[in-house]
Structure formats: C-alpha cells, structure tokens
Amino acid sequence: MEGFVHIRIDDRLIHGQVATRWATGLKVNRIMIIDDQVAVNETEKSVLRMAAPAGVNTSILQFDKAVANIKNGNYAGQRVMLVVKSPVILVKMMEAGIQLLPVNVGNMSNRPGTTQYKKSVSMTDEEKVAVEKLLQAGIKVTAQMVPDEPDVSIENFF
C-alpha cells in the first residue's frame with residue numbers, strides 16, 4: 001500500500017473527527033473511501049468531498065477500481081488515509097493480495113443485528129469474523145476514536 005499512512009474503519013466516512021483530528025494530525029493529502037454504493041451516488045460523494053479538509057484530495061471509489069489503483073502504485077509519494085465502513089472490505093482487500101497496514105476501528109454504529117463491544121463499536125457477526133481474520137493474518141487492529149485516545153487492541157473488547 002505504497003503512499004498509505006493510515007487505515008480507519010468508520011461508518012461515517014469523512015466527518016469532523018476524520019477531517020480535523022486524523023487527516024490533519026497525519027498530514028494526509030488524500031482521503032480514500034472504498035464503498036461500492038457511495039462511489040456511484042453523486043450527492044453523497046459531493047457531501048463527503050465538502051467535509052474533507054481544505055487541500056486534501058478525495059478518492060471515493062468502488063472496490064475493484066480502488067484495488068487496481070493501489071496495486072498499480074497510483075498513490076506512491078502521497079500521504080493517503082483509507083476509510084472504509086466495514087472490516088469486510090479490508091478482508092476482501094487482503095484476499096485480493098494487498099498487504100494492509102495496522103487498522104484503526106473508529107466508529108461502527110449500533111444497528112439492527114449488531115452487538116456492542118465498545119461505546120462506539122458495534123458489529124454484526126460477519127464484521128466480527130472479518131476483524132478476527134485480520135488479527136489471524138497478523139494485522140494489528142485497534143479501537144481508537146481520536147488520536148490522543150489510547151490505541152487499545154480490539155481484542156480487549158471481545
């Protein structure tokens with residue numbers, strides 16, 4: 001993942017914390033979102049682009065296009081933060097041959113069919129299995145809302 005500096009799971013995608021705390025603190029010049037539905041919704045893409053900090057580019061892509069761009073080294077020399085809604089996407093990336101960075105779980109809202117593991121983290125059974133696959137692959141997965149909060153292993157909440 002040449003050019004990538006951070007991976008975050010946050011079902012809100014680009015919002016205040018991502019824009020002001022994470023993107024600014026990590027000095028990113030691009031926020032990439034991988035989401036098949038959002039990538040084809042011009043209204044949603046427009047709103048997300050407005051939420052990005054000034055001077056930070058956005059790439060809001062469908063899975064296949066994002067994987068191809070990453071494999072082609074399109075982000076070399078940049079500082080990219082990847083944001084996805086679900087760990088399932090990250091497992092698919094791993095299965096597609098992409099070596100992932102450590103993963104930060106920020107916010108996964110309480111939804112029907114989820115179990116709450118932390119105040120800000122609720123997962124479906126499928127999402128929990130995906131996190132366990134990431135951990136089994138040796139990828140560090142932490143739960144951390146903002147950069148100045150301790151990065152605690154997600155396993156501590158299971």
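Predicted model: local features only at pLDDT ≥ 70, side-chain atom pairs only at ≥ 80, totals over all residues.

Biologist: Where does E126 sit?

Modeller: E126 lies in helix 5.

Biologist: And how far is E126 from R49?

Modeller: Their C-alpha atoms are separated by 29 Å, and the two residues are 77 residues apart along the chain.

Biologist: Back to helix 5, then. At what angle do helix 4 and helix 5 cross?

Modeller: Roughly 40°. Helix 4 covers residues 87–95, helix 5 covers residues 125–136, and their axes come within 8 Å. That angle makes helix 4 oblique to helix 5.

Biologist: Left-handed or right-handed crossing?

Modeller: Left-handed, for helix 4 passing helix 5.

Biologist: Which residues make the contact?

Modeller: From helix 4 there are P87, V88, L90, V91, M94 and E95. Helix 5 supplies E126, E127, A130, V131, K133 and L134. So the exposed E126 is one of the residues in this contact.

Biologist: Why do you always give an angle and a distance?

Modeller: Because two packed helices are described by the angle between their axes and the distance between the axes.

Biologist: Fine. Which hand does the crossing of helix 3 and helix 4 have?

Modeller: That crossing is right-handed.

Biologist: Which residues meet there, helix 3 against helix 4?

Modeller: On the helix 3 side, F63, V67 and I70; on the helix 4 side, I89, K92 and M93. By class, the contact has five nonpolar residues, one charged and no polar.

Biologist: Changing topic: helix 1. Which residues of helix 1 are buried?

Modeller: Helix 1 runs over residues 16–25, and V18, A19, W22 and A23 are buried in it. They are on the same side of helix 1, because they cover an arc of only 125° around the axis.

Biologist: What do the buried residues of helix 1 pack against?

Modeller: Several elements: strand 1 (4–10), strand 2 (30–34), helix 2 (42–51), strand 4 (80–84) and strand 5 (103–107).

Biologist: And which exposed residues are on the face turned away from the buried side of helix 1?

Modeller: T20 and G25.

Biologist: What comes just after helix 1?

Modeller: K27, with a positive phi of about 55°. K27 is in the loop between helix 1 and strand 2, and it is a residue other than glycine.

Biologist: Is K27 buried or exposed?

Modeller: Exposed, because its relative accessibility is 63% and the cut-off for exposed is over 50%.

Biologist: What about phi of L13?

Modeller: Phi of L13 is near 60°, again a positive value in a residue other than glycine. L13 is in the loop between strand 1 and helix 1.

Biologist: And L13, buried or exposed?

Modeller: Buried: its relative accessible area is 2%, and buried means under 20%.

Definitions and conventions:
Residues numbered from 1 in each chain as written. Heavy atoms only, no water. Axes fitted to C-alpha atoms, helices over the stretch in contact; angles between N-to-C directions. Helix = DSSP H or I, 4+ residues; strand = E, 2+ residues; numbered from the N terminus. Parallel < 35°, antiparallel > 145°, perpendicular 65-115°, else oblique. Left-handed = near helix turned anticlockwise from the far one by under 90°. Contact = heavy atoms within 4.5 Å. Buried < 20%, exposed > 50% of the residue type's maximum accessible area, 1.4 Å probe, protein only. Arc of directions from axis to C-beta. Nonpolar A, V, L, I, M, F, W, Y, C, P; charged D, E, K, R; others polar.
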